[in-house]
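Thanks for asking me to look this one over. My notes follow the model, point by point.

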Amino acid sequence: MNKIFGNKTWENISFESIIPRKRNRRIGLSFPEQKKSLGLEPSVLTVLSQVTNAEFSDRNLLFNDDDVDYYICSVYISGVDEFKKWALQHNFNKIVVGGYHPTTFPEDFIKYAYKIVVGPCDDFFETISQSGQIVQGISTYKEIPAYHLYDSGQNQQIIPNKHIDDTCTSINTSMGCPFKCKFCCSPIMCSKLISKPIELVKKECIYLERKIPKPKWIFIRDENFPLQKDWKHRLYLVSSIGAKIYLFCSANLIDEDMVKTFKECNVYMVCLGLENINDEYGKNKNLDAACELLRRYGIYVYLSFIVNPLEIVGREKGIEFYKRLMNRFYDLKPEMICGNFLMPFRGTPMWDEYYHLVSEEDYKYYDSKSAFLIKNKLCREKMEFFMFYYQWLYYTSDFYQKEVRNFYVNDTLHLRFKELKNEFDIKYSRIFDKRC
Ligand code: SF4
């Protein structure tokens, strides 16, 4: 079967070319390799914005070092292995590495890169001109990301009523988050809220509005967009692009005035964190009221939830947990839900509780869909199945069709879940409700 969203796994690194091409290349790469069918513009485009001769490679190939001045590599936890294997085959003195993992564990990269950048960076040359191997990223906010280096036709997102051919893009108007939710790694990358200059946001919106093909959907990637004092101004600018907007927000910020502005500005969906239903979160005290308000104004609600696999070991605990979770869905009626297994991040308040369970071999599983904290393979696989299964039950329930929306519309949400169901069907067909 040709998969629509199927994840491409990294297997063998292949040579881009052994014949020298143009010289002085500055190549941006993302580790793990960018998934062409399930993702958005890579964040390394921000670093490439002020670099002449820059190019982005969406494949982590081997290059001819003689052609290249710099390899500019962004590494997330699940790409650490892939990066290390790749880096050992290239000239150390040409490799600059940054991103989430180098920010958290810079010392892990000392053998692999001549400069290790900590934190956000959009001024590559200012940053690397600092002395020392580990340097703080410098951002000057002069240029928009280097969108021209990337084909946004490759972007794909799972959104209710978004069809495969609808183009989507994304924008960041701010960086960082001043809060410290105990599981969240965002404040590690940037622990205070930094708004990009409004003139730069305007310039980016004008660029995206003129982009061909015109984006039909835009994701505001800010960690908690309305935390910015001038968020309304920023939202009006983004709405001028003419795309349907979806954004992250915490429920405690939502009131009627905000929801009216969202509606006016073409906000289609708001992503709220339900998180772990066994924990309490200050930001979620008015979650019910926030979901109700959004529904009243016809704005979709996207709830992400966390499953701590260590809390649901055993049949009874699992059944009890998912029963409570499903009841929350029935109360809150989200149009979209998304389950994530707990991933303990170093530097977060919860790290001390879990670090003894995490080793380097687990890094490749940091994609939120693996219950890697459970070391028994069979038990882990079952947990991964059940997290999918209960989401499938919600989407295919009579309740969802009658009270929420029609699931069966061949949008990216429907197609992705059908694809996952086909994968799980091989092993678990007897569990699926035959009506599904
Ligand atoms: S979950 Fe949201 S509000 Fe909490 S620290 Fe992370 S980004 Fe900030």
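**Notes on the predicted model**

1. In this predicted model, the centres of domain 1 and domain 2, taken over C-alpha atoms, are separated by 27 Å. The chain's domain assignment sets domain 1 at 25–136 and domain 2 at 157–428; such bounds come from an automatic or database domain assignment. Residues are numbered from 1 along each chain as its sequence is written. Because the model is predicted, local features need pLDDT of at least 70 and side-chain atom pairs count only at pLDDT 80 or more, while totals for chains, interfaces and linings use all residues.

2. How many residues of domain 1 are in contact with domain 2? There are 12, and they meet 15 residues of domain 2 (contact here has C-beta atoms, placed from the backbone, within 7 Å). On the domain 1 side, α2 (80–87) and α3 (100–104) each supply at least two residues, and α3 gives the most, with 3 residues. Helices (H or I, at least four residues) and strands (E, at least two) are DSSP runs, numbered from the N terminus. Sorted by class, that side of domain 1 has 6 nonpolar, 4 polar and 2 charged residues; Ala, Val, Leu, Ile, Met, Phe, Trp, Tyr, Cys and Pro count as nonpolar, Asp, Glu, Lys and Arg as charged, and the others, Gly among them, as polar.

3. The largest nonpolar core has 98 residues, and I72, C73, V97, I218, V270 and L272 touch the most other members. Each of domain 1 and domain 2 gives at least three residues to this core. A nonpolar core is a set of buried Ala, Val, Leu, Ile, Met, Phe, Trp, Tyr and Cys residues joined through C-beta atoms within 7 Å. A residue is buried if 20 or more other C-beta atoms lie within 10 Å of its own, exposed if 12 or fewer, and partly exposed in between, with C-beta atoms placed from the backbone. In soluble globular proteins, nonpolar side chains tend to be buried together.

4. Leaving aside neighbours within four places in sequence, the contacts of V97 are C73, V75, P102, F109, Y112, A113, I116 and V117.

5. Strand β13 (residues 300–307) has 6 of its 8 residues buried. On one hand, β13 pairs with β12 (residues 267–275) in the parallel sense over 6 bridges, with Y302 in β13 opposite C271. On the other hand, β13 pairs with β14 (residues 336–341), again in the parallel sense over 6 bridges, and S304 has C338 in β14 as its bridge partner. Two strands pair if DSSP finds at least two bridges between them.

6. What connects these strands? Helix α9 (residues 287–296) forms a right-handed β-α-β unit with β12 and β13, and helix α10 (residues 315–332) forms a right-handed one with β13 and β14. Right-handed means that, with the strands pointing away from the viewer, the path from the first strand over the helix to the second runs clockwise.

7. Some backbone details deserve a look. The F31 to P32 peptide bond is cis, with omega near 5 degrees, and P32 is in the loop between β1 (25–31) and α1 (44–48). Another cis peptide bond joins I212 and P213, with omega about -5 degrees.

8. N53, not a glycine, has a positive phi of about 65 degrees. N53 counts as partly exposed because it has 13 C-beta neighbours inside 10 Å.

Note on methods. Contact = placed C-beta atoms within 7 Å.
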